[in-house]
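Could you walk me through this structure, one feature at a time? I am new to it and would like to learn how to read it.

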Amino acid sequence: MLLAVLRRAFDMVFVMFGISVIAFLIFFATPGSDPSARIAGRNATPEMLAQVRIAFGFDRPLYVQYGRLMQRLFIAQDLTSFVNRGQKVVPAVLQATPVTLCLVFGAAVIWLTAGISLGIVATVFRGTIIDKSLMLLALAGVSMPVFWVGSVMNLITQSRFHDTWLFSWVPGLGYTSFFESPSLWFKTLVIPWFTLSVLFIGLYARVLRASLSESYQEDYVRTARAKGLSESRIMVRHALRTSLITLLSMFGLDFGALVGGGAILTEVVFNLPGIGRLTYQALQNLDLPFIMATVMYSTFFVVLANALVDVAYAWLDPRVCDAR
Amino acid sequence: MSDNILEIRDLTVGFRTEQGPVEILKGVSFDVKAGEIVSVVGESGSGKSMTSLAVMRLITDPNAMISGTIRYKGRNLPGLSAREMRKLRGRQIAMIFQDPMTALTPVHTIGWQIAEQMRVHLGLGAKVARKRSVELLGKMGIPDPERAYDRYPHHLSGGMRQRAMIAMAISCDPAILIADEPTTALDVTVQAQILDLLQDLRREYGSSIILITHDMGVVSTIADRVLVMYSGRIIEHGAKSDLLDKPQHPYTLGLMRSIPPMTGERPRRLPSIPGSPPLPGKRPEGCSFRPRCEFSFSKCSAVPPLYRCNEQFAACFLAEHGSHQWQRNLAEERTAK
């Protein structure tokens with residue numbers, strides 16, 4: 001057990017190292033991507049450029065630059081922004097993390113509940129009009145881009161119908177901490193939650209429907225019927241229990257990617273100061289320390305989610321447990 | 001007639017397809033007496049499994065059309081509500097399937113799956129159900145049943161899994177056990193053990209067993225009565241000894257001939273029945289065995305009824321006036337050996 005954890009930790013460090021090198025090379029070593037030119041500004045004189053180059057250490061060899069960047073990011077944790085001089089990177093990322101976590105966590109609860117329920121209902125009524133219309137609805141959900149859904153939501157709740165009884169409770173865009181005001185926290189997040197989950201509800205409902213109907217073709221479901229079990233028991237204890245394995249691996253990856261900044265569009269549209277928006281702003285200004293930090297952060301969560309999925313897998317599927 | 005525990009009359013199963021309705025079973029009728037082992041034999045596609053699924057009402061295809069009566073202790077199964085049927089399944093009529101590799105849910109322990117059935121039907125508590133499951137596993141000859149309870153299906157060999165399946169099937173002491181090719185997926189040595197087990201069950205619990213198989217060896221080992229199916233019909237049935245010694249239908253004769261002889265010279269090639277059984281949609285008019293039958297004659301273009309020869313019944317015009325000459329020849333041949 002301990003060995004497996006250690007191996008996982010080593011894998012994680014290795015993957016993060018690889019990705020950090022690639023990200024570093026993309027922004028620091030690609031021809032024409034001279035960071036000092038960007039920092040010095042548009043009309044910088046050659047003297048200024050040279051000064052910036054020396055001040056930021058761009059005249060040193062690449063591996064030294066990389067080492068200094070990593071040292072300041074992980075060990076000293078005093079890496080500062082290139083754009084807003086003096087703004088420290090690590091506290092900014094740590095500050096943005098809970099916002100993203102709240103957003104993704106709430107959305108995950110919604111999309112798991114709704115996705116699994118829809119998948120089950122569609123399977124129970126498979127072949128009927130209910131099944132077909134639910135699956136069509138799910139397809140529509142998958143097809144709608146999240147930034148568009150978010151904008152439409154904003155248009156409805158913030159502008160067109162904001163003055164009616166229906167949406168007058170919706171606060172303005174932005175984020176309020178849970179500890180500041182739980183009710184306001186909930187109100188600001190509820191619409192982003194739904195917006196973010198639309199895609200995943202559709203996706204999960206369709207995948208579960210497919211996986212469940214596959215299970216229903218299996219011999220063990222016939223055995224369960226021959227045992228005289230009720231349909232609901234067959235569904236929950238036998239078919240769904242087996243299909244959960246598929247769903248779980250999807251969930252782990254999706255959740256990891258979203259926490260790692262994948263909710264960027266939702267965060268930008270709803271002006272939530274999370275990791276996604278931080279990445280977005282860093283990319284707009286090509287603020288390399290911030291880009292580096294958010295890339296590392298997101299890698300960490302994706303790898304972590306993968307590891308957690310593997311652990312949960314062994315728990316859900318006894319066959320995996322022995323394969324180790 | 002009162003000792004018949006199961007009476008099937010005119011069971012017909014068809015499926016609506018794009019080419020129109022296709023009948024898989026045509027007018028299948030037979031009885032099962034209490035405590036009897038009835039063996040249903042036939043090639044694949046003859047409708048053996050379909051018969052058992054129809055009895056259990058496990059045909060879930062919405063395009064299936066099922067007619068006929070299936071009386072279990074006087075109650076007509078097709079007429080029961082889904083709820084009543086559910087109470088019967090696993091409790092009164094239990095089933096064992098061919099492939100124990102896929103017939104158990106992979107994510108639950110075998111013990112849990114056995115206990116589940118008893119908890120649902122008998123309302124047992126978790127502890128009692130566990131205790132009884134362990135007992136059953138032990139009775140089925142599974143070593144160290146206490147530990148086996150917590151094993152997952154993939155931990156066990158095919159034979160052990162089939163034993164677990166059987167333990168599950170008999171856990172609620174059913175009156176009828178339907179075994180659909182229970183030994184087909186197993187090694188020969190394990191096959192014999194499972195057959196022994198089934199015989200013990202009959203002795204100990206007095207349950208009737210419907211054994212579906214394509215293996216004449218299995219039939220001759222444990223059956224009391226044999227039904228031979230071909231193309232969705234029962235073409236011959238009778239007591240095992242009669243049927244194996246004096247087959248009345250040429251198809252049964254063909255099946256018998258294809259068993260390797262136990263004594264004497266080993267034939268270089270086993271005789272086989274030429275051709276293959278017709279597909280359900282493409283069965284010929286009249287006797288469906290006609291194209292493959294070496295004895296076919298003009299009468300065979302009509303569907304033969306079941307003729308009675310002593311205690312045996314055969315759907316062949318050759319049997320119209322009692323046993324035919326070739327059957328006597330065969331009997332002589334046997335005694336000569």
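The dialogue below takes up chain B and then its interface with chain A.

Q: What should I keep in mind before starting?
A: Welcome! Please remember that this is a predicted model.

Q: How many helices and strands does chain B have?
A: Chain B holds 11 helices and 12 strands. With a radius of gyration of 21 Å, close to the 20 Å that the globule rule gives for 337 residues, chain B is therefore as compact as a globular protein of that length. The C-alpha trace of chain B spans about 65 × 50 × 40 Å along its principal axes.

Q: Which share of the residues in chain B is buried?
A: Buried means under 20% relative accessible area. By that cut-off, 51% of the 337 residues in chain B are buried. As for the surface, the accessible area of chain B is about 15,500 Å², and carbon and sulfur atoms account for 50% of that.

Q: How many positive and negative side chains are there in chain B?
A: There are 43 positive and 35 negative side chains in chain B.

Q: How many residues of chain A are in contact with chain B?
A: Here 22 residues of chain A touch 29 residues of chain B. Between the two chains, about 2,200 Å² is buried, with 60% of that area coming from carbon and sulfur atoms.

Q: Which residues of chain A lose the most area to chain B?
A: Look for A:Arg222, A:Ala226 and A:Lys227, which together give 27% of what the chain A side buries.

How values were computed:
Residues numbered from 1 in each chain as written. Chains lettered and ligands numbered in written order. Predicted model: local features only at pLDDT ≥ 70, side-chain atom pairs only at ≥ 80, totals over all residues. Heavy atoms only, no water. Helix = DSSP H or I, 4+ residues; strand = E, 2+ residues; numbered from the N terminus. Rg over C-alpha atoms; globule rule 2.2 N^0.38 Å. Buried < 20%, exposed > 50% of the residue type's maximum accessible area, 1.4 Å probe, protein only. Areas by Shrake-Rupley, 256 points an atom, 1.4 Å probe, with all protein chains shown as cover. Lys, Arg positive; Asp, Glu negative; His and termini not counted. Charge placed at Lys NZ, Arg CZ, Asp CG, Glu CD. Contact = heavy atoms within 4.5 Å. Buried area = accessible area lost by both parts, 1.4 Å probe.
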